[in-house]
Amino acid sequence: MGDRGQVRLKSRSLPDLYFYSHWGATDLPWVVAQGLERGKSRWGDDEYLNRIIFSEIIKNDVLGETGFGIGTILHGDVWKVVEIDHEKQTARVLELEYPEDENEPPFWVEKVSAPFADFASQVTEPVFSH
């Protein structure tokens, strides 16, 4: 099972990067918002901000061998994606939804879209403690 989600980092000059969380999709928007706030002085520096966001995601399990990952593609088993667009300095939350007709494929729905400065006020606080 799991609560799988990813953060997609769209860079100005680097290929897209994805941070994976096996158990934290529900709270991922809030965790990313905390990383954005903590990294406010690095909003113009993609690489540093990416590291700050990832540190926020793994902060309670830095030495763990499972549960988190870094990759270059969207996993097929995630239901929530938080997208960071460094060039536009925006963040958005996408959730996978399933149509009533089981013959139709699932589709992504935008739930939140905001500038970095407003993102935390647009997402809910964590359900689980991290």
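1. Is helix 1 (residues 28–38) largely enclosed by the rest of the structure or open to the outside? Of its 11 residues, 8 are buried, so helix 1 is largely enclosed by the rest of the structure. Buried means under 20% relative accessible area, exposed means over 50%, and partly exposed lies in between (1.4 Å probe, protein chains only). Helices (H or I, at least four residues) and strands (E, at least two) are DSSP runs, numbered from the N terminus.

2. A word on the source. This is a predicted model, in which local features need pLDDT of at least 70 and side-chain atom pairs count only at pLDDT 80 or more, while totals for chains, interfaces and linings use all residues. Residues are numbered from 1 along each chain as its sequence is written, and side-chain values use heavy atoms, with hydrogens and water left out.

3. The buried residues of helix 1 are Leu28, Pro29, Trp30, Val31, Val32, Ala33, Gly35 and Leu36. Their cover includes strand 1 (5–10), helix 2 (46–58), strand 4 (80–85), strand 5 and helix 3 (116–122); contact here means heavy atoms within 4.5 Å.

4. The structure holds 12 salt bridges. A salt bridge is a side-chain nitrogen of Lys or Arg within 4 Å of a carboxyl oxygen of Asp or Glu. One of them joins Arg4 and Asp77, with the closest N and O atoms 3.1 Å apart. This pair links distant parts of the chain, 73 residues apart: Arg4 is in the segment before strand 1, and Asp77 is in the loop between strand 3 (68–71) and strand 4. Asp77 is partly exposed, at 38% relative accessible area.

5. Asp46 and Arg12 form another salt bridge, with 2.6 Å between the closest N and O atoms. Asp46 belongs to helix 2 and Arg12 to the loop between strand 1 and strand 2 (17–21), 34 residues apart. Asp46 is buried, with a relative accessible area of 6%, whereas Arg12 is partly exposed at 39%.

6. Lys80 and Glu95 meet in a salt bridge of 3.3 Å, N to O. Lys80 is in strand 4 and Glu95 in strand 5, 15 residues apart. Both Lys80 and Glu95 are buried.

7. Salt bridges also link Arg8, Asp16, Glu83, Arg92 and Glu110 in a network.

8. Where does Asp101 lie? Asp101 is in the loop between strand 5 (90–97) and strand 6 (107–115). Its relative accessibility is 38%, so Asp101 counts as partly exposed.
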